[in-house]
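Reader: Could you take me on a close look at the ligand site, and then show me how its surroundings connect to the rest of the fold? I would enjoy one connected answer.

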Amino acid sequence: MGIANNLLQIKSALPEHVTLVAVSKTKPVSDLMEAYEAGQRIFGENKIQEMAEKWEQMPKDIQWHMIGHVQTNKVKFMTLFVSLIHGVDSLKLLQEINKQALKNNRIIDCLLQIHIAEEETKFGLDEEELASLLSSNEIQELKNIRIVGLMGMATFTDNKDQIKKEFLHLKTIFDKTKKLKTENCQLETISMGMSGDYQLAIECGSTMVRIGSSIFGGRN
Ligand SMILES: *Cc1c(COP(=O)(O)O)cnc(C)c1O
């Protein structure tokens, strides 16, 4: 099949309002270039170091999305170029992103990660934590970030009903939270759905899917 073919096939089946993030973690630049040449401009990585190395080597019209968990002390290595950070789940991290963005004279878009899965290991805020974060005084002061949506990951399971329930949960939280509009917070994006579950995610209201192995093949 090949990367370009996989990509074009997936893209052609996506509704127009859904953005495709090509998740290229662990893959060599040559693989990413194949997707780039087929028209892909948004790539998702989960390690800051790896993303920075690829950014240096690749064309500068690419939008780089950080989809992994972000450690506060590493934010500075991506502030120059990152276009969207998906996995933000604390005020402390938002403050650091804001601080680094200010230094670079940028405004950086962020998604807040919501914990929707059953597994304890997945990062993210619950509904209450989200509400209290968004209503805090501290967040109003962050002029160099914009919260543009929510992100979630479903439980790793074959049980479609459960996955659907979790996606709908995120959509419900999104719809409630969308009403709140402040200078640095206006929700437009729901990032949910990966290779195994993106069609279901779209049915449940996803506007951004993060697809890796169905484009680039399996990872070791
Ligand atoms: C790896 C990863 C993906 C892509 O997973 P695939 O199953 O390969 O499509 C999506 N989202 C996050 C957060 C990931 O870490």
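Author: Happy to. Let us begin with Lys25, where a polar side-chain atom sits 2.7 Å from an oxygen atom of the ligand. Please keep in mind that this is a predicted model. Ser195 also brings a polar side-chain atom to an oxygen atom of the ligand, at 2.6 Å. For Arg219, the distance from a polar side-chain atom to a ligand oxygen atom is 2.8 Å. On its own the ligand has 390 Å² of accessible area, and the protein covers 90% of it.

Now for the whole shell. The residues around the ligand are Val23, Lys25, Ile67, Met151, Met153 and Met194, together with Ser195, Arg210, Ile211, Gly212, Ser213 and Arg219. Sorted by class, six of them are nonpolar, three are polar and three are charged.

Thr26 has a phi near 70°, a positive value in a residue that is not glycine. Thr26 belongs to the loop that runs between strand 1 (19-23) and helix 2 (29-37). With a relative accessible area of 53%, Thr26 is exposed, because the cut-off for that class is over 50%.

Besides lining the ligand, Met151 is in contact with Leu112. Other contacts of Leu112, leaving aside neighbours within four places in sequence, include His86, Val88, Leu94, Leu125, Leu130, Leu133, Leu134, Ile147, Gly149 and Leu150. Leu112 and Leu94 touch the most other members of the largest nonpolar core, which has 63 residues. The biggest contribution to this core comes from helix 7 (residues 160-178), with five residues. Met151 itself is listed in a second, separate core of seven residues, with Ile42, Leu111 and Met208 also among its members. As background, nonpolar side chains in soluble globular proteins tend to be buried together.

Is Asp109 buried or exposed? Its relative accessibility is 18%, so Asp109 counts as buried, the limit being under 20%. The Asp109 side chain makes a polar contact of 2.9 Å with the side chain of Arg146. Beyond its neighbours within four places in sequence, Asp109 is in contact with Ser83, Leu84, Ile85 and Val148 as well as Arg146.

Asn105 is not a glycine either, yet its phi is positive, at about 55°. Asn105 counts as exposed, at 71% relative accessibility.

Our last stop is Glu127, in helix 5 (residues 127-134). Glu127 is partly exposed, with a relative accessible area of 32%. A polar contact of 2.7 Å links the side chains of Glu127 and Lys176. Apart from neighbours within four places in sequence, His169 and Ile173 are in contact with Glu127 too, along with Lys176. For a sense of scale, the C-alpha atoms of Glu127 and Cys110 are 17 Å apart in space, and these two residues are 17 residues apart in sequence.

Conventions:
Residues are numbered from 1 along each chain as its sequence is written. This is a predicted model: local features need pLDDT of at least 70, side-chain atom pairs count only at pLDDT 80 or more; totals for chains, interfaces and linings use all residues. Side-chain values use heavy atoms; hydrogens and water are left out. A nonpolar core is a set of buried Ala, Val, Leu, Ile, Met, Phe, Trp, Tyr and Cys residues joined through side-chain atoms within 4.5 Å. Buried means under 20% relative accessible area, exposed over 50%, partly exposed in between (1.4 Å probe, protein chains only). Helices (H or I, at least four residues) and strands (E, at least two) are DSSP runs, numbered from the N terminus. Contact means heavy atoms within 4.5 Å. A residue is near a molecule or strand if one of its heavy atoms lies within 4 Å of it. A polar contact is a pair of N or O atoms within 3.5 Å; within protein, one must be able to donate a hydrogen and the other to accept it, and residues adjacent in sequence count only if both atoms are side-chain atoms. Accessible areas come from the Shrake-Rupley method with a 1.4 Å probe; for residues, only the protein chains shown count as cover. Ala, Val, Leu, Ile, Met, Phe, Trp, Tyr, Cys and Pro count as nonpolar, Asp, Glu, Lys and Arg as charged, and the others, Gly among them, as polar.
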